[in-house]
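Subject: A structure for you to explore

Hi there,

Here is the structure I promised you.

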Amino acid sequence: MAPPPPQSNRSPSPSQPSGKSEVSDLKLQLRQLAGSRAPGTDDSKRDLFKKVISNMTIGIDVSSLFGEMVMCSATSDIVLKKMCYLYVGNYAKVNPDLALLTINFLQRDCKDQDPMIRGLALRSLCSLRVANLVEYLVGPLGSGLKDNNSYVRTVAVIGVLKLYHISATTCIDADFPETLKHLMLNDQDTQVVANCLSALQEIWTLESTTSEEAARERENLHSKPYVYYFLNRIKEFSEWAQCLVMELVAKYIPSDNSEIFDIMNLLEDRLQHANGAVVLATTKVFLHLTLSMADVHQQVYERIKAPLLTQVSSGSPEQSYAILSHLHLLVMRAPYIFSSDYKHFYCQYNEPSYVKKLKLEMLTAVANESNTYEIVTELCEYAANVDIPIARESIRAVGKIALQQYDVNAIVDRLLQFLEMEKDYVTSEALVLVKDLLRKYPQWSQDCIAVVGNISSNNVQEPKAKAALIWMLGEYSQDMHDAPYVLESLVENWDEEHSAEVRLHLLTAVMKCFFKRPPETQKALGAALAAGLADFHQDVHDRALFYYRLLQYNVSVAESVVNPPKQAVSVFADTQSSEVKDRIFDEFNSLSVVYQKPSYMFTDKEHRGTLEFSDELGNLSINAETGDSVVPAQRVEENDKDLLLSTTEKDDVRDPGSNGSAYNAPSYNGSAPSATSQPLADLAFSSTGATGQAPAPGLAIDDLLGLDFSVGTATTPSPPPLTLNPKAVLDPGTFQQKWRQLPISLSEEYSLSPLGIASLVTPNALLRHMQSHSIQCIASGGQSPNFKFFFFAQKAEEASIYLVECIINTSSAKSQIKIKADDQSSSQAFSTLFQSALSKFGLP
Amino acid sequence: MISQFFVLSQRGDNIVFRDYRGEVPKGSAEIFFRKVKFWEDGELQEAPPVFNVDGVNYFHVKVVGLLFVATTRVNISPSFVFELLQRIARVIKDYLGILNEDSLRKNFVLVYELLDEVIDFGYVQTTSTELLKSYIFNEPLVIDAARLSPLGPAAIFSQGTKRMPGIAVTKSVVATEPGGRRREEIFVDIIEKISITFSSSGYILTSEIDGTIQMKSYLTGNPEIRLALNEDLTIGGSQGPVSGYRSSSGSGAVILDDCNFHESVRLDSFDTNRTLSLIPPDGEFPVMNYRMTQAFKPPFRINALIEETGSLKAEVYLKVSAEFASSITANTVKVQMPLPKYTTRVSFELEPGANGQTTDFKEANKRLEWSLKKINGGSEHTLRAKLTFSQESHGNITKESGPVSMTFTIPMYNVSQLQVKYLQIGKKSGTHEPYRWVRYVTQANSYVARI
């Protein structure tokens, strides 16, 4: 019995026949017709074939009819032939033996008088996807590529690509890529040309992992002669092929500005195309070509605005979403250019929530002094929306605008109105916002506290909101008359509070309140510490214990730790690194923009396709040995979260609730007893976070703000001997980007010891060796005698990165090194280090 | 480059399934459907049109209640795929006359034939109905159009979705008429979707017209067509939408913010006399899309009021005034208003002698719905509704309800005043003068009044 057909995974629904008896019935009828020459036979065959195909598509296995179907295919009726080809294409792969039966008639059809039949037969022949039949493909493909009919040629070109996927060597041996290249540059028919381009891009990309020549050919596609050849014919291409060509042009690097203007003038009218894909592809060309010309780049933004907005409103909802995602990216990059277009980003009541979400972010970004009032008014309308998630987002948007504005007068009033709206979710979101607002603008405390004081903690259920309320109770307990008593009642209900975050905040708030109003709070503090010490949650327990010991040690020290003078937070952390944003911009007009992630985060390597930025790295395999393959995965996780977090939530990373304890205690006023240094670090971290003094180095946050760098430079007045960070990490995307951006700061040639050369039999040994010297390999490749490696290293106390391309020729025992560095002044020192590490390779 | 294409019914049944590259694992249709049906991603409960599951990207567009889906593993341009899916749907519709589950099932062999010519190994070959004609040999089995749409031609505009379902022509581009001869005719439809937001005091906060000139030609011999638009048409004249709102309502020139054209359109004489010339390909296609934020006279005014009338009671008053000429009639009008969450019962009071009006209180999402079969120009209609609450309303009751939204279709009416002044057919084929249909339709996109 043959294995099930590809689509048999769908179980037939009850209304459909079970198949068995019907299939044998069909078999019988087909047999009867196979030999018949009576008039009307073709019509009966058509009906029968239709039944077979119908069964096939609903998942019934009709592969047992293969023989009969092939017998019946001896006909001149093209409709019958097409159905037969469809059937054969579906079952050949799982029935290789049966597929052999079809070769004969397909080969015969490839020589038919009718170009339509030649094309169809050739397409079916190449679609069989059976490896042991490839020998039968080469001949028909060869003649197909030379056929005088363009339909046959378009089919043949894609046929070559199919052959490549079945058997790459057969395809290469027959020299088909070379033939395609010739066709691409000479064929009259633009669809043939477009297919050649698609096929060659795919073949050369896959081949380039092993063949330098293919890599060169692929790079060549972006060279001037090719790009100009395609551009000169651009209007002959179909709209789909135009997209393909423009993707290529976007990667072209023009030699001077006049070239840039020529290309843009040529493509200008493509922005008026009704097809959104063409408009976006054109936009990408314009944006990428003008990256180095700031003023023209800005003009491009102005130019593409109207066409993109038209696409948003004239396309299908799906297309609108895709275009809007791209507008979102552009708005985020240059909000000021869109600040007068804010009305286009107002939400419509019938839009899906994923569209509204994008629009809210855009409204937040374009808000400036001139339009804030109107935008905030509009957002307040959404806050009463029936769509609760969007209502919440709207309130958060108001908060974000408040945090990025200079004049928040009016906004504060609106936020306070939210608090009075008496809708649970509105109150919750608004509380969190007011908390953040107070951290940035402490001068508003009088107005806010008066309103917050009226909110009963019983009406606030969401942990984030409750935590925010408690924080304000602690922070402003001197201004809030009820604070000690509200806190006391909250402590009394300690056991009913399920959120550890809230309990942590409660502990801290009671402490703060105690220092301000000791007699009223003493009782609550005692109860809170007792409850905290008995808490099952590790952090809560630890903090309670820490406060307890701190108080025991010295009350005034405790006060200076828990209640230091406040300093306003000036900037809240951004949610996405600029590096990631640039990478997404590089991949404009792709899914990266919609997902808001660079492609390496959601696409496996072999499917990155032609959109990915290509440079030398593309030729080499990403090395898994160094553990780098794990790192991007983690980054995906992090960034995933980042995307979901709002500024306010991000900020919570610095809050006491969610910190780890893997950092060192910062220097601190008042020496702390060594016994408590661990928990002290914990608290100090939270207090610095709250006060905005130099934040303590926590790993995650360092990364985000690049604090490592500033701290490092501040403490190293004279250059120390270069030491490298043994645990440096760098994802391949950043590597590529840096490699592209940085100039070569050193280029040298070293000799290698014979022992080292001998050890290169296993290139991985070199990677491990270099790793032991804190130099990580990110990619490697090549075959004896030529090996190519890409390394990177990082200064021990700085974010400064070194990138190395190292080509080793084992027959000459020479290695050529190119070094690129963030800090070029130290590249010589690094080179020495690198050479000494390399020279030790292979030594016992 | 896409990997698979399939069409699913609303229930998730495979109607058409084509695997072009065999690189996406089995069961992708099930994975897709489950994901869309039970979408959950934080607070958003609606699946976006593209998402990634285990390295496979699933794209979908909704067309007449069917899901047109493409999958791929590569990082492709999303707008390319969405446009492609829409175009495949349009090509199939051109061939079948009517696109729905039934016609797809009846014609699946033809559909597969089309799919094989439109895409080869994942690469788009052509989506032109015209070009495809020479590769397609199956005859469509056209299903009976009359049985499907008993309502007038404008009925198909009233489906409440943002997308235009197209012009009311439901015959296949290839099927021959029962009489044997094809009727020579050409349809040009000017379709305008309008969006308006009224403030609670009745001011227009935002307004926009998104228009399309759609064409469907059944002329033999591919004659050249010339379409003349308003001579005083200006493009990009209103410097941005914000300053574009004028106090005077649209007397004089039509000012478009921006527009785009089908690739067959030649604009040689557009700058001088606002004439578009083109050789229309077979099938339905948009000749021109345009967008304007110039002020226009809204076809309807909405007055809405909600007042507390007791401790657990309130009353809603709605008035809709049709501010267009009495010779024109709006169809399938629907007014909706979200009511406070704690509303339990609503009793309606229509105006005396109300005809063809229905009212409903949608308990599940607490929404009031008022449908009017038609509204004549110049007329006014009112509705009173008495609400009963399960709890005291605290705070502002107007913040707990609204905004009022409205959907409608107005045939032979366009708000932008953009017009096809004449439609000229280049060379006549045969003796008969071809039929020319130029029709205008205005439809609500987002028509909202805040209270």
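Predicted model: local features only at pLDDT ≥ 70, side-chain atom pairs only at ≥ 80, totals over all residues.

Chain A has 844 residues, and 57% of them count as buried. Its secondary structure consists of 41 helices and six strands. If you take the contacts in chain A between residues at least 6 apart in sequence, 69% of them join residues at least 24 apart.

Chain B has 451 residues, of which 59% count as buried. Here there are eight helices and 26 strands. For contacts in chain B between residues at least 6 apart in sequence, 70% join residues at least 24 apart.

**Domains in chain A**

Chain A is divided into domain 1 (19-267), domain 2 (337-446), domain 3 (456-565) and domain 4 (724-840). The centres of domain 2 and domain 3 of chain A, taken over C-alpha atoms, are separated by 30 Å. Ten residues from domain 2 of chain A and nine residues from domain 3 of chain A take part in the contact.

Now have a look at Glu422(A), in the loop between helix H22 (409-419) and helix H23 (424-440) of chain A. With a relative accessible area of 47%, Glu422(A) is partly exposed. Along the chain, Glu422(A) and Asn459(A) are 37 residues apart, and their C-alpha atoms are separated by 9.1 Å.

**A helix pair within chain A**

Next, find helix H8 (residues 150-166) and helix H10 (residues 176-186) of chain A, whose axes come within 11 Å and cross at roughly 150°. The crossing in which H8(A) passes H10(A) is left-handed. From H8(A), the residues Arg153(A), Val157(A), Val160(A) and Leu163(A) meet Phe176(A), Leu180(A) and Leu183(A) of H10(A). Sorted by type, the residues of this contact are six nonpolar, no polar and one charged.

**Where a helix of chain A meets a helix of chain B**

How do H18(A) and H2(B) run relative to each other, roughly parallel or roughly antiparallel? The axes of helix H18 (residues 317-333) of chain A and H2(B) come within 9 Å and cross at roughly 165°. H18(A) and H2(B) are therefore roughly antiparallel to each other, because angles over 145 degrees count that way. H18(A) passes H2(B) in a left-handed crossing. On the H18(A) side, the contact is made by Glu318(A), Gln319(A), Ala322(A), Ile323(A) and His326(A), and on the H2(B) side by Pro78(B), Ser79(B), Phe82(B), Glu83(B) and Gln86(B). Those residues divide into four nonpolar, four polar and two charged.

Ser79(B) is found in helix H2 (residues 78-96) of chain B, and it is buried, with a relative accessible area of 0%. Which residues does Ser79(B) touch, not counting those up to four places away in sequence? They are Gly276(A), Ala277(A), Leu280(A), Gln319(A), Ala322(A), Ile323(A) and Asn589(A).

Val50(B) is found in strand E3 (residues 50-53) of chain B, and at 2% relative accessibility it counts as buried. Leaving out residues up to four places away in sequence, Val50(B) touches Tyr321(A), Leu591(A), Val594(A) and Tyr595(A), as well as Tyr58(B), Phe59(B) and Phe82(B). Val50(B) and Leu276(B) are 226 residues apart in sequence, and from C-alpha to C-alpha they are 36 Å apart in space.

Finally, Phe121(B) has a positive phi of about 50° although it is not a glycine. Phe121(B) is in the loop between strand E6 (119-120) and strand E7 (123-124) of chain B. What is its relative accessible area? The value for Phe121(B) is 7%, so this residue is buried.

Best wishes

Notes:
Residues numbered from 1 in each chain as written. Chains lettered and ligands numbered in written order. Heavy atoms only, no water. Helix = DSSP H or I, 4+ residues; strand = E, 2+ residues; numbered from the N terminus. Buried < 20%, exposed > 50% of the residue type's maximum accessible area, 1.4 Å probe, protein only. Contact = heavy atoms within 4.5 Å. Axes fitted to C-alpha atoms, helices over the stretch in contact; angles between N-to-C directions. Parallel < 35°, antiparallel > 145°, perpendicular 65-115°, else oblique. Left-handed = near helix turned anticlockwise from the far one by under 90°. Nonpolar A, V, L, I, M, F, W, Y, C, P; charged D, E, K, R; others polar. Domains from an automatic or database assignment.
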